[in-house]
Amino acid sequence: MFTHIIFDLDGTLLNTIDDLANAGNHVCAAHGWPTHTVGQFKRMVGNGIPKLVSRFTPDGLSEDELAGALAEFSAYYGEHKEDKTAPYPGIPELLAALKRQGVHLAVLSNKAHALAGPVVEHYFPGVFEYVQGALPDAPLKPDPTLLHAMMKEIGAKPETTLFVGDSDVDVHTGKNGGLTVVGVLWGFRDRQELEGAGADYIIEHPGRLLNPGPDQDTQARRRAVGGEDVAETGSVIRCVLCWLATAFFALLELADLWWLFKLLPDVLRHGYDWEAGYNLHLAEDFEIAGALASFLGVPLLLLLPLSILLARKLPRHSRLTVGCAIGWPVAVVLALFECHGVQYLAERLPDVLSPGAEPYMVENFREAAAMMAVAGVVFLSALVLAVYCTIKLRKRGENREHSMPDKW
């Protein structure tokens, strides 16, 4: 049972986007700058008013020009902030029900503190125990500094506090504070963004915060056991297989290109002629290598964009799973290959350094060393990927060590 719920303001409790867009376009029109649609403003908000102004104004403005635009925006928005702003349908009923249940309610917003408090009190008088907006000397969300200060002030504990918001900024804020996070779909952002940011639950209507529907029950059960549902698991498996196939064809293509460029100097120096029977072995090897490069390049060019597309469609935590599933096996295989290669080089080094070393021995040694260097770079990349994904997944698992509540 959650005893405290902290809400984001814009896009979660209040639909403020029309007034924000009107104020922004008023500034743009006054200066002859391009204006923006409401949909574009939905992607700009979330990181505070100064950042919003920098996003809707043209690139290349000086600091003084940006400061002037910010002052114009603030003045216009201050006079028109209630023209179209209103609570989302179902929000007043939700807050009233939560209050009856004895849940402690608070608001954390990137809107300026001097503005956030009066706005909340105007639309929700006497509902929230604590309202915290942006302060000049404190970092904005998703930094958890103000969140921690608020929780200390209202006596909230991470294990019994819920964070509710509509954007990736809100999800990251809650996660950075060690809280369970609910993403809402009636605000400014979509499901893909909320899932990718790692929201624990996603709801489509305020009433779901009181009475979870089938979709939320499924999410809760899945997270309670620490696993993924069948559909998402299938997507992860398909993505892993696709990336492994891509890596396989890429390896073959690199090996073939290595062979091709090894033959190229002899082809340029000596040439070949099929009809005259001149350098036929060279001709055969070079044409086979060229044909293989073209043959292997086709599936590689098809698999690579498909792998990227499948990965982009996955939620962020699933992409981390894919990274682990690919990174660790590749790192282990390349580590074994590197060990064998280093042993080979160590055994050949005395002969190569001897005064009477054959030229072919030196050339083979250089090729083997170059191959080990390339394999080493790939090994380190795979290892870094695997370690990074593992750490992120572990932190995510620690953040989710909350028992499934009877109620939200």
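**Terms and their grounds**

Trainee: Why is Cys28 called buried?

Mentor: This is a predicted model, and in it Cys28 has a relative accessibility of 0%. Buried means under 20%, so Cys28 counts as buried.

Trainee: Why does Cys389 count as buried?

Mentor: The relative accessibility of Cys389 is 4%. Because the cut-off is under 20%, Cys389 counts as buried.

Trainee: How do you know that Cys389 is in no disulfide?

Mentor: The nearest cysteine sulfur belongs to Cys324 and is 5.0 Å away. A disulfide needs two cysteine sulfur atoms within 2.5 Å, so Cys389 is in no disulfide. A search of the whole structure finds zero disulfides.

Trainee: Which residues of helix H8 are called buried?

Mentor: Helix H8 covers residues 168–176, and its buried residues are Val169, Asp170, Val171, Thr173, Gly174 and Lys175. Just after H8, Gly178 takes a positive phi of about 75°.

Trainee: What makes up the lining of the largest pocket?

Mentor: The largest pocket, with a volume of about 1200 Å³, is lined by 34 residues. Ala247, Leu251, Val330, Leu334 and Val378 lie nearest its centre. Helices H11 (230–270), H12 (280–313), H13 (316–353) and H14 (359–399) are the elements that give two or more residues to this lining. H13 gives the most, with 12 residues.

Trainee: How do the residues of that lining divide into nonpolar, polar and charged?

Mentor: The lining has 28 nonpolar, four polar and two charged residues.

Key: Residues are numbered from 1 along each chain as its sequence is written. This is a predicted model: local features need pLDDT of at least 70, side-chain atom pairs count only at pLDDT 80 or more; totals for chains, interfaces and linings use all residues. Side-chain values use heavy atoms; hydrogens and water are left out. Buried means under 20% relative accessible area, exposed over 50%, partly exposed in between (1.4 Å probe, protein chains only). Helices (H or I, at least four residues) and strands (E, at least two) are DSSP runs, numbered from the N terminus. On a 1 Å grid over the protein atoms alone, a cavity is a set of points where a 1.4 Å probe fits but cannot get out, and a pocket is an open set with protein on both sides within 12 Å along at least five of seven lines; lining residues have an atom within 4 Å of a point. Grid points are joined across faces, edges and corners, and a volume is the space filled by probe spheres set on the points. Ala, Val, Leu, Ile, Met, Phe, Trp, Tyr, Cys and Pro count as nonpolar, Asp, Glu, Lys and Arg as charged, and the others, Gly among them, as polar.
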